[in-house]
Amino acid sequence: MQLNYFETMDKPKFYLTTPIYYANSRPHVGSAYTTIVCDVLARYKRMCGYDVAYLTGTDEHGVNIERAAEKLNVTPRELVDRNQKIFRELWSLLGIRYTHFIRTTSAEHATAVQKLVRRTLRNSPDAIYKRKYEGRYCIYDNLYVSDTSEPADCPTCGRPAELVSEENYFFRLSAYQDRLLELYAKHPHFVQPQFRFNEVKAFVESGLKDVSISRKSIKWGVPWPDDPDHVSTSGTTRSPVT
């Protein structure tokens, strides 16, 4: 669950989002918990007079979707169409009052991802680069576990991570470490809620690593701009690696 808010001269505004839930299976108690918590916060802010934007949705790309669909002998599109409907029906049953439901397979989302990549490359040509990656990857948590070929278990789910060797696009997150620390020093209230400030600062101080933002070995994703061999997993690739 992520929170952020900002003020305008007209009316106070409040924005929050749940995780976008993996659509390779049905929702579970954790899905319901985070969505209900966000709904409580959204209702409270509405009562306080805020204009609330409350986003939730489904993450419908990645290798876990491909494999789940193959096991069920359906296409990835059929699987995510079926499961996102279950999420919507559950939120309706629970009385969740979200304002936006995002699907990463929507045309609007694909356009936004491609525009963001192109804008980043136009404004900061060195921010995204391509190189070969070899290491251990957990498909269940979409997590890069290590950058070596040595066997390793996923720290999140405990399952053995798979060996992946492919060429990926990376976002040069490491280049922004000093800038972020300078921002935190000048504007300590930038991180909200405030009690997370030390945790966020310590994480950045420990060293930021570049993040893989594309996959070549899978086809179920947002097509990478001007490079049809790659797809952006648009949020499903997590944990930076060097």
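Student: Is Cys-138 buried or exposed?
Tutor: This is a predicted model, and the accessibility is computed from it. Buried means under 20% relative accessible area. Cys-138 has 1% relative accessibility, so Cys-138 counts as buried.

Student: How many disulfides does the count come to?
Tutor: The same cut-off of 2.5 Å between sulfur atoms applies. By this rule, the count comes to 0 disulfides.

Student: Which cysteine has the sulfur nearest to that of Cys-38, and is Cys-38 buried or exposed?
Tutor: Cys-38 is in no disulfide, as the nearest cysteine sulfur is 16 Å away. That sulfur belongs to Cys-48. Cys-38 has 0% relative accessibility, so Cys-38 counts as buried.

Student: How many aromatic pairs are there?
Tutor: Rings pair if their centres lie within 6.5 Å. By this rule the count comes to 9 aromatic pairs. One of them joins Tyr-21 and Phe-87, with 5.6 Å from centre to centre and 10 degrees between the planes.

Student: Is the pair of Tyr-21 and Phe-87 stacked or edge-to-face?
Tutor: Planes under 30 degrees apart count as stacked. The angle between the planes of Tyr-21 and Phe-87 is 10 degrees, so by this cut-off the pair is stacked.

Student: Where in the chain do Tyr-21 and Phe-87 lie?
Tutor: The pair links distant parts of the chain, 66 residues apart. Tyr-21 counts as buried at 8% relative accessibility, and Phe-87 counts as buried at 1%. Tyr-21 is in strand β3 (residues 21-22), and Phe-87 is in helix α3 (residues 76-93).

Student: Which residue forms one aromatic cluster with Tyr-21 and Phe-87?
Tutor: Tyr-21 and Phe-87 are an aromatic pair. The cluster that holds both of them also includes Trp-91.

Student: Which residue lies over the face of Phe-170?
Tutor: A charge sits over a ring if, among other conditions, it is within 6 Å of the ring centre. Lys-45 lies over the face of Tyr-50, at 4.3 Å from the ring centre. Over the face of Phe-170, at 4.2 Å from the ring centre, lies Arg-131.

Student: Is Ile-36 buried or partly exposed?
Tutor: Ile-36 lies in helix α1 (residues 29-47). Together with Val-40 and Leu-94, Ile-36 forms a nonpolar patch on the surface, with about 240 Å² of accessible area. At 38% relative accessibility, Ile-36 counts as partly exposed.

Terms used. Residues are numbered from 1 along each chain as its sequence is written. This is a predicted model: local features need pLDDT of at least 70, side-chain atom pairs count only at pLDDT 80 or more; totals for chains, interfaces and linings use all residues. Side-chain values use heavy atoms; hydrogens and water are left out. Patches are made of residues with over 30% relative accessible area and no salt bridge: like charges are joined within 9 Å, nonpolar side chains (Val, Leu, Ile, Met, Phe, Trp, Tyr) within 5 Å. Accessible areas come from the Shrake-Rupley method with a 1.4 Å probe; for residues, only the protein chains shown count as cover. A salt bridge is a side-chain nitrogen of Lys or Arg within 4 Å of a carboxyl oxygen of Asp or Glu. Helices (H or I, at least four residues) and strands (E, at least two) are DSSP runs, numbered from the N terminus. Buried means under 20% relative accessible area, exposed over 50%, partly exposed in between (1.4 Å probe, protein chains only). Rings of Phe, Tyr and Trp (its six-membered ring) pair if their centres lie within 6.5 Å; planes under 30 degrees apart count as stacked, over 60 as edge-to-face and the rest as tilted. A charge sits over a ring if NZ of Lys or CZ of Arg is within 6 Å of the ring centre and within 35 degrees of the ring normal.
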